[in-house]
Amino acid sequence: MAQHDARIIAVVGATGLQGGAVTRRLLQDHWPVRALTRNPDGEKARAIAELGAQVVKADLSDPVSLERAFDGVHGVFSVQNHHLSGYEGEVQQGKQVAEVAKRVGVSQLVYSGAGPGVKGSGVGSWETKLEVAAYLRTLDLPVTILHPTAFMELMTEPKFFPPASVWHLMPKLMGSDRPVGWLTVEDLAVITAKAFGDPDRFIGREVMLASDVQSIAACRAIWREVTGRPPRRFPMPRWLFERFAGTDETTMWRWLGANKVDFDTGPTLAIHPAALTVREWVEWKKAPVGPRR
């Protein structure tokens, strides 16, 4: 496949979980990628540079920095992290990315939000993304808004401490039988690449993303069936978890336990029919052989 007429895609947070996956997918699909990071000399930045990305230093709080990073790009993938910037900082950065993208004439911005799209949940990381998404709709900017729900990587990524979070506190606070909409970060990346590849289909759209709906109890059963053992569980008290992780996740799980959400895999599978179920993903995690697809 040839490059897409040298149409560069700038990826915000390119060394993070979402930005890293999007960067790898775009490169795999032969898009030129300009990878934005605060630390271009870091190990993760060097790894994506080796894959072919142009790594540039950028500060989302500095519009001049962003203007340099967005100079000449066709599209922007935008995601922010409240763990790094705080809630107020996340909103400011999300708005600033969009404002600079509009100012330099970017042809398409794909924004990654989170949650079920319900206002007033009290979940800080959902509310901030709803605020940014609402602001994007007020701009004369070609935008696609994606709302991934729970990433399957929460079950395995060490930085999320899954033994205490997903496998202990989440079912305890939410209920082990409550349905959850799941998506892999790699499938978010595939959908993002599809959005850039077919702008007429995606500009102006807002899509809730989930490729499978499973309770924690069902995920635990799937894990045991596929791997032959239960997922590791660490019974950490809620107050201790909140001491090092904050209250965002515990508020989220309580809200999901008290409120019904109709997770729908239809829109996701219409875009990306090969998006993985939880079982398929656990099977792949058990025995990965090269790139997933």
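I count two strands as paired if DSSP finds at least two bridges between them. Helices (H or I, at least four residues) and strands (E, at least two) are DSSP runs, numbered from the N terminus. The model is predicted: local features need pLDDT of at least 70, side-chain atom pairs count only at pLDDT 80 or more, and totals for chains, interfaces and linings use all residues. Residues are numbered from 1 along each chain as its sequence is written, and side-chain values use heavy atoms, with hydrogens and water left out.

**Entry 1: the 7-stranded sheet.** I looked up strand 4 (residues 75–78) and found it paired with strand 5 (residues 108–112), parallel, over 4 bridges. Valine 76 sits opposite leucine 109 of strand 5. Both strands belong to an open sheet of 7 strands, ordered 3-2-1-4-5-6-9, with parallel pairing. At its edges I found strand 3 (54–57) and strand 9 (206–209), each pairing on one side only. From one strand to the next, the twist averages 20°. I take axes as lines fitted to C-alpha atoms, for helices over the stretch in contact, and angles from 0 to 180 degrees between N-to-C directions. Contact means heavy atoms within 4.5 Å. Helix 7 (residues 185–197) packs on this sheet and touches strands 1, 4, 5, 6 and 9. Its direction makes about 160° with that of strand 5.

Entry 2: I found another open sheet, of 3 strands in the order 7-8-10, with mixed pairing. Strand 7 (150–151) and strand 10 (212–214) each have a single partner strand, so one side of each lacks a neighbour in the sheet. Strand 8 (residues 180–183) pairs with strand 10 in the antiparallel sense over 3 bridges. Tryptophan 182 stands opposite aspartate 212 there. Helix 9 (residues 216–227) packs on the sheet, touching strand 8 and strand 10, at about 100° to the direction of strand 10.

**Entry 3: helix 4 on helix 5.** How do helix 4 and helix 5 cross? Their axes come within 9 Å and cross at roughly 10°. The contact includes Tyr87 and Val91 of helix 4, with Val132 and Tyr135 among those of helix 5.
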